[in-house]
Amino acid sequence: MEEAKLNNSVTSTTIEEIHPDILNQVLNHLDGTSLASVNSATSYLRSISSHPDLWRYLCLSTWPSLHHPRILPLVNSSPHRFFSDVFPYPTSFTPTNNADLPDELISAVDLYKNDIPISSFVLESDTSSPNPLFHISPFVISGPDIVTDVLPEELTLSWIVIDPTTGRAVNLSSRRAMVVRRHCLCWEAVARFTTARDGWVVGVLVKWWDEGLGLVELHLTIWDEGGAPVSYMEGLRVVMAAMDAERKALGEEEANEGYFEYYDIKINKEEVRQKSEWTGI
């Protein structure tokens, strides 16, 4: 009879009874979305999942380029905020004329093949040039040429832009290519890692000179709704607007809907223009 009672008894362990060190080991294996969910589950989990070391490890393991000596102190000062700046997509690119423009931007760029890091680099851009052409030249930040055998469909790309004065940051890449175009007569290919918001198209243009053999160019660029590159000063305003905008954790399809809407409009406008030229209307 006593044995039956023991077999029918139910014992349970609450999350609060699990030692914090054990939970820390588990949380170290979570991605950003999962860790954010844990952070909002219970007060006990929030106290543990808010530890800066967890978010620091997540930042540095997700984006190897952040190990740079100029960037690492910015991450260490508030790793949770840095991740919240960089991981979700910005909801707006609309610039304001009275925005304070930085004297310098730092780009932290990571390339992945099937989500495995393959290359990283950091760029420091002086944005305080007195050259008059600086106000009208197109906004472009170019990275070094990279030799890799990764194909456009295999590539995942992160391009984080950081204001070193404020520590604010934003990721301006769409992570995966929105459009890939290949030259029909050679090995050239161009992929756009871009998103569209409020009539602005922001992201990275990647060009393969010898697709399958390895030489790749990368350029961070900004276009208006007509597909024309914007001036450097206007581009800076767009970047700062993206940094200041609210963030939203979107799935890739939802986040990229804006680009495909822009792409469809652009294609329709081009078809109308060509028809007008052909018919003389």
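Student: Are Phe139 and Tyr232 buried or exposed?

Tutor: Both Phe139 and Tyr232 are buried. Keep in mind that this is a predicted model.

Student: How many aromatic pairs does the structure hold?

Tutor: There are five aromatic pairs in the structure. One of them joins Phe121 and Trp159, with 6.1 Å centre to centre and 90 degrees between the planes. Planes over 60 degrees apart count as edge-to-face, so this pair is edge-to-face.

Student: Where in the chain do Phe121 and Trp159 sit?

Tutor: Phe121 belongs to strand β3 (residues 116–126) and Trp159 to strand β6 (residues 155–162). They are 38 residues apart, and the pair links distant parts of the chain. Phe121 and Trp159 are both buried.

Student: And what kind of aromatic pair do Phe139 and Tyr232 form?

Tutor: Theirs is a tilted pair, at 4.8 Å centre to centre with 45 degrees between the planes. Phe139 lies in the loop between β3 and β4 (140–142) and Tyr232 in helix α8 (residues 232–244), so this pair ties together parts 93 residues apart in sequence.

Student: Which residues do ring pairs link into a cluster?

Tutor: Look at Trp55, Trp63, Phe83 and Phe87: ring pairs join these four into a cluster.

Definitions and conventions
Residues are numbered from 1 along each chain as its sequence is written. This is a predicted model: local features need pLDDT of at least 70, side-chain atom pairs count only at pLDDT 80 or more; totals for chains, interfaces and linings use all residues. Side-chain values use heavy atoms; hydrogens and water are left out. Rings of Phe, Tyr and Trp (its six-membered ring) pair if their centres lie within 6.5 Å; planes under 30 degrees apart count as stacked, over 60 as edge-to-face and the rest as tilted. Helices (H or I, at least four residues) and strands (E, at least two) are DSSP runs, numbered from the N terminus. Buried means under 20% relative accessible area, exposed over 50%, partly exposed in between (1.4 Å probe, protein chains only).
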